[in-house]
Amino acid sequence: MAERQQILQLWADGSSLDSRTVAWAFHDGTDGAGPPLPGGTPPYASGVHALRDGWMLLQTSQLVPPQPGEEHRNSYLEYEFVLERRVDDSRIEE
Amino acid sequence: MGTEHRLSTRQMAQFVADGFIRFDAIVPAELNARAIEEMAQLEAERFAPTGLKPPHTGTPLDDCYPPPAAIGEYLRLPQIRGIIESFVGENATFDHDWTHHIQPHATYVQPLHVDAITDSPDFTFDIQLFWYPHDVAPGEGGTRFVPGSHLRRVRSSGLDRYQHIVGEQQLSGPAGTVVVFHHGLWHAGQPNPGDGHRWMHKVRLNPTVPQVRLWDTSDLPDLQNPPSDHVFARILPDSVAQVFRTMHPWTSITDHRNEQVQRALLWRYLTGDDTYDVDHYLTRLERRAALVAAADTA
């Protein structure tokens with residue numbers, strides 16, 4: 001039986017892991033065999049809520065100072081957290 | 001042309017804050033029915049050796065899709081022409097168009113994107129009209145879009161990763177609904193699990209005149225707040241500033257304040273009023289910058 005990875009990207013309204021989730025994405029290495037995300041918009045109110053549900057934090061986004069002349073121009077969602085969970089996939093033999 | 005069908009100041013302000021505005025069932029039923037046939041024909045013949053072709057890019061709007069074309073008739077409807085002229089003025093030109101056709105039971109999820117390329121940093125803008133000629137049921141192929149995303153500086157492919165954004169919308173509504181997008185609005189095609197075809201015509205239009213006070217400005221004196229309007233000092237209730245304080249649920253407080261600044265800058269362009277401000281953000285910085293200039297010359 002082999003492990004497969006599920007990835008959860010959360011974007012928050014602040015740089016802290018307990019800031020409010022404003023966007024998310026889910027990538028499933030088990031192709032549907034593993035557990036889905038909880039229902040809800042969003043599935044987790046914050047990154048800490050995801051930790052409590054068993055997700056492991058891989059990465060947080062860096063804080064990047066505003067570029068001169070672009071201080072008041074928004075771009076991509078700034079505060080990104082990447083989490084994973086590993087799922088034993090009984091369909092796959094090692 | 002008179003202002004009978006032009007948008008109001010309130011509608012323009014809402015467009016500046018949201019990046020879109022919708023008009024439910026604004027196109028008559030008979031025209032919607034003919035349009036579906038024509039959209040299908042355009043889809044089939046656009047690149048064929050002969051048949052129905054779109055206009056050349058740069059064609060004046062009045063010359064696009066001459067009679068008896070249904071698409072041309074739609075673009076010349078007084079209510080549609082009034083909307084167009086409010087944003088891009090008279091003598092707008094055709095950029096491009098497309099028939100967006102989603103088959104029944106289609107499963108493709110188009111990634112979130114913004115059209116074309118990262119645009120110029122000034123506040124001129126194009127509009128895109130999305131015409132849905134039949135009822136679109138919830139979840140059956142209506143366009144997904146993100147209100148308030150239109151003033152951000154992004155590269156289109158960078159938006160792929162946002163599968164879900166709090167506050168995003170998916171269009172549903174009655175036949176003849178037209179939604180007008182600012183060219184920078186984030187959007188994506190969606191699956192159509194329904195049994196019917198989902199047709200939509202999208203056209204992008206370029207302005208050829210400065211986009212200054214093109215709408216019905218009769219209510220502008222009542223709604224235009226003074227530059228001193230500040231949520232933590234004194235405000236004019238029910239003003240343009242109040243509309244610009246609309247906070248979309250997916251933005252951080254920092255992003256929201258930056259968006260207020262961008263909306264104020266766009267409104268300066270639209271009104272020709274270089275003093276316009278919301279919550280003093282621009283005026284504060286401009287006054288302090290003037291101190292530096294004054295010190296340099298002292």
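Q: Two strands pair if DSSP finds at least two bridges between them. In this predicted model, which residue of E5(B) stands opposite A:Trp24?
A: Strand E5 of chain B covers residues 164-165. Two bridges join this strand to E2(A), and the two strands run antiparallel. The residue of E5(B) that stands opposite A:Trp24 is B:His164.

Q: Which element gives the largest share of the side of chain A that touches chain B?
A: The contact between the chains involves 16 residues of chain A and 17 residues of chain B. Five residues on the chain A side come from one element, which spans residues 21-28. That element of chain A is strand E2.

Q: How many charged residues does the side of chain A that touches chain B have?
A: Sorted by class, this side of chain A has eight nonpolar residues and six polar residues. The charged residues on this side of chain A number two.

Q: What confidence scores does the model carry, and what is the mean pLDDT of chain B?
A: The model as a whole has an ipTM of 0.95 and a pTM of 0.96. Within chain B, 99% of the residues reach a pLDDT of 70 or more. The mean pLDDT of chain B is 96.

Q: Why is chain B described as being as compact as a globular protein of its length, and what is its radius of gyration?
A: Chain B contains eight helices and nine strands. For its 298 residues the globule rule gives 19 Å, and the computed value is close to this, so chain B is as compact as a globular protein of that length. The radius of gyration of chain B is 21 Å.

Q: How far apart are the centres of the two domains of chain B?
A: Chain B is divided into domain 1, residues 9-206, and domain 2, residues 224-297. Their contact takes 13 residues from domain 1 and 16 residues from domain 2. Taken over C-alpha atoms, the centres of domain 1 and domain 2 of chain B are separated by 30 Å.

Q: Which element gives the largest share of the side of domain 1 of chain B that touches domain 2?
A: This side of domain 1 has nine nonpolar residues, four polar residues and no charged ones. Six residues of this side come from an element that spans residues 9-18. That element of chain B is helix H1.

Q: Is H1(B) largely enclosed or largely open, judged by how many of its residues are buried?
A: A residue is buried if 20 or more other C-beta atoms lie within 10 Å of its own. Seven of the ten residues of H1(B) are buried, including B:Met12, B:Phe15 and B:Val16. The buried residues pack against several elements of chain B, among them strand E1 (20-23) and helix H7 (253-271). With seven of its ten residues buried, H1(B) is therefore largely enclosed.

Q: Which residue follows H1(B)?
A: The residue after this helix has a positive phi, near 85 degrees. The residue that follows H1(B) is B:Gly19.

Methods
Residues are numbered from 1 along each chain as its sequence is written. Chains are lettered from A and ligands numbered from 1 in the order in which they are written. This is a predicted model: local features need pLDDT of at least 70, side-chain atom pairs count only at pLDDT 80 or more; totals for chains, interfaces and linings use all residues. pLDDT is the predictor's confidence in each residue, from 0 to 100. Helices (H or I, at least four residues) and strands (E, at least two) are DSSP runs, numbered from the N terminus. The radius of gyration is taken over C-alpha atoms; the globule rule is 2.2 Å times the number of residues to the power 0.38. Two residues are in contact if their C-beta atoms, placed from the backbone, lie within 7 Å. Ala, Val, Leu, Ile, Met, Phe, Trp, Tyr, Cys and Pro count as nonpolar, Asp, Glu, Lys and Arg as charged, and the others, Gly among them, as polar. Domain bounds come from an automatic or database domain assignment. A residue is buried if 20 or more other C-beta atoms lie within 10 Å of its own, exposed if 12 or fewer, and partly exposed in between; C-beta atoms are placed from the backbone.
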